[in-house]
Each structure stands twice: as C-alpha cells, then as structure tokens.
Amino acid sequence: MKIKPRLLAAARELLGKSQRPLLLAHPRPDGDTIGCTLALRLALQQLGKEPQIACPHPIPATMSYLPGAEEFRTAAPADADIDLVIAIDMSDLKRTGGLYHESWRGRIPLLVIDHHETNDGFGDVSIIAPEAAATALPMLALIRALDVPLGRNIATCLLLATLTDTRGLRTESTTPEVLALVAELIEAGGDYLGIMQKTLDSVPYLQMRGWGVALNRLQLEEKLAWTTFPLAEKEALGIEDHDDLGLGNLISRVATADISATFLEMRDGSVKISFRARPGYNVAQIAKYLGGGGHRQAAGCSVEGPLERATEQVLPLVRKELAVNS
Ligand SMILES: [Mn+2]
C-alpha cells in the first residue's frame, strides 16, 4: 500500500491546525471503524489535542474493553466544540449515519481516512487506500506521519481493526504486508491473544440465538446461499435494528456458495442486505447499484421492504453476477 506523501502532509496540516477534532465511526460499527477511531484518538491526545469520538450506534460488547471505548458519544457535539471532522472507514457521507451536519460543509474541514473501493473522495483531504485490507493500514501511515510512537494501546486498537476486517487474516486482502503489520503491532505490545479471545472468538448469546433463526431459514441454490430475518423474529428475541448479528460472515461460510446474501427486515420497513463473495466475483457493484457500497468480497445496502419484494428485486442481480463470472 502506498499513500501519496502529499496527502499525508495535507492531513497532517489539517490536524495541526485543529485542537478539537471530531472523529466519526460508521453506524453498526465494526472493529475497523472502532479500532481506527480509538487509535487516532490516542495519537491526537498525545499531541495535546482534545479529540471527541462519535458513532450513531453502541459499540459491540465484544469490543468494549478497548482503551477509550466508553468515550463514544451517539450525537454530534455543538458546532462551537469542534474545528475538524474526521470520517473513518466510510465510503461516503451517508455512512456517518446522520452525525455529519450539512451545515458544517465549507465551514469545518473534513478529513476522510478509508479503504473502500467505492469511496469517491468526499473530504477536503481524503486518504483512501482501496487495496488495503483495513483502514488500519492508512491509519497507521497517518499516525506515523504525525510522529506519534506506537504504544501498546494504539497497537491493540489497530491490531483489532486489522484482525476483524480480515476476519482473522482469512481474506484475499491478507497480504504479506498485512502479516508484517500484524507482527509489528504485536511487537509494539498489541494484545493479540486478548483480541482473539474477547472479540474474534466471542459471540454474544443473543447473537447466537439470532444465528439459529437465520440458519433455520437458510437456502442454497447452486452457488448462491441466502437467508432472511423477519422483523417478527427480531422482536421476539429483542434484537435491535443496529445489530446485524454478523450474519453476512456466518452465511458466507457455506462451503459450496460463491456468493451469499442476508436480508434483515428493519423496523422502518426497509431491508438491510449484506453480500459476501468468493474471490473472482464482485458484490460491490451490486451494492453500489442498489445505493450501498463496500468491497468486492463484502458489501451491503438497504432496499425497500417487505422481505419478499427485496429478495425478488435483489437475488436476480446476484444470479447474474454468478452467471457472468463462473
Ligand atoms: Mn474497514
């Protein structure tokens, strides 16, 4: 991964001018957005700044042990309390989940740090590394450019970001560079074993009950595995809308499926879809066409419900992708 020095210098300049930056993690936060946000928060604190962090949804219990996790707020602070906004691990402004106020445009600078292929560079300065396995890679490059030493806590946050976005170093994006980065973060004191035990190998009880529902409804048609999760089942279990139960990654493990799709019915009537694809297929295009985004191998979007309508609209697109590339 190579980031233009000009971009790092521009980001450093924005950060240098800022005293009270607001760091935004995306909705239904994953380990990459959380870990990178917390790592940058720690780095900026070391530089004497007063960063605030926000995310529209709660941090998953399996990541709540991270240093600073309790500092996330769910609403944006008053305009007067921020002088820079940093969007982390998101491909567009919609992904701020309403935390970004349109009135900030042009008044408060916007820095973007991301690795989504579908990112169109919506910041005043945008550091985007589409080939990187996780935002953790460009984030580490930025922290290095700020001359902040990699302490144990920053290393743990970036290590968690990398290990979660690569699903435990399983993805196609897990290059020798990623493995070298993991080694470096462990050497710096990153808590590899703790992350494996507390995050990657931990499933909240409610989530596992939800897996039961989704697995019961699982269907396989040739190389396509898919499942649906009706709202009534969510309500029966007490599952919140922001909880996607990690279904995308679960269903993607069906051995003979090249593409998988999960359809979760939301309380507003919409249906949230997660796609996963084996290398050689591209679900980012499908998600983007439907108004979402993501990576070739993992992407998502929301469409209008009800569930039957959503599956009838979306599954043909997936079948087409399978037909074109097989
Ligand atoms: Mn990511």
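Select helix α3 and colour its buried residues: Ala136, Leu137, Pro138, Met139, Leu140, Ala141, Leu142 and Ile143. The model on display is a predicted one. Helix α3 spans residues 136–145, and eight of its ten residues are buried, so the helix is largely enclosed by the rest of the structure.

Next, select helix α4 (residues 152–165) together with helix α6 (residues 192–200). Two packed helices are described by the angle between their axes and the distance between the axes. For α4 and α6, the angle is about 50 degrees and the axes lie 10 Å apart. An angle between 35 and 65 degrees falls into the oblique class, and α4 and α6 are therefore oblique to each other. Their crossing is right-handed.

Show the side chains where the two helices meet. Helix α4 contributes Leu159, Leu160, Leu163 and Thr164, while helix α6 contributes Tyr192, Ile195, Thr199 and Leu200. Sorted by class, this contact comprises six nonpolar and two polar residues, with no charged residues.

Now centre the view on Tyr192, which lies in helix α6. Leaving aside residues up to four places away in sequence, Tyr192 touches Leu159 and Ile186. A distance to draw here is that between the C-alpha atoms of Tyr192 and Thr156, which are 36 residues apart along the chain and separated by 7.4 Å.

Finally, zoom out to the whole protein chain and colour it by domain. The domain assignment gives domain 1 as residues 5–200 and domain 2 as residues 207–325. The C-alpha centres of the two domains lie 26 Å apart. Eleven residues from domain 1 and eleven residues from domain 2 take part in the contact between them. Select the side of domain 1 that touches domain 2: by class, this side has one nonpolar, five polar and five charged residues.

Methods: Residues are numbered from 1 along each chain as its sequence is written. This is a predicted model: local features need pLDDT of at least 70, side-chain atom pairs count only at pLDDT 80 or more; totals for chains, interfaces and linings use all residues. Domain bounds come from an automatic or database domain assignment. Two residues are in contact if their C-beta atoms, placed from the backbone, lie within 7 Å. Ala, Val, Leu, Ile, Met, Phe, Trp, Tyr, Cys and Pro count as nonpolar, Asp, Glu, Lys and Arg as charged, and the others, Gly among them, as polar. Axes are lines fitted to C-alpha atoms, for helices over the stretch in contact, and angles run from 0 to 180 degrees between N-to-C directions. Helices (H or I, at least four residues) and strands (E, at least two) are DSSP runs, numbered from the N terminus. Angles under 35 degrees count as roughly parallel, over 145 as roughly antiparallel, 65 to 115 as roughly perpendicular and the rest as oblique. A crossing is left-handed if the near helix is turned anticlockwise from the far one by less than a right angle, and right-handed if clockwise. A residue is buried if 20 or more other C-beta atoms lie within 10 Å of its own, exposed if 12 or fewer, and partly exposed in between; C-beta atoms are placed from the backbone.
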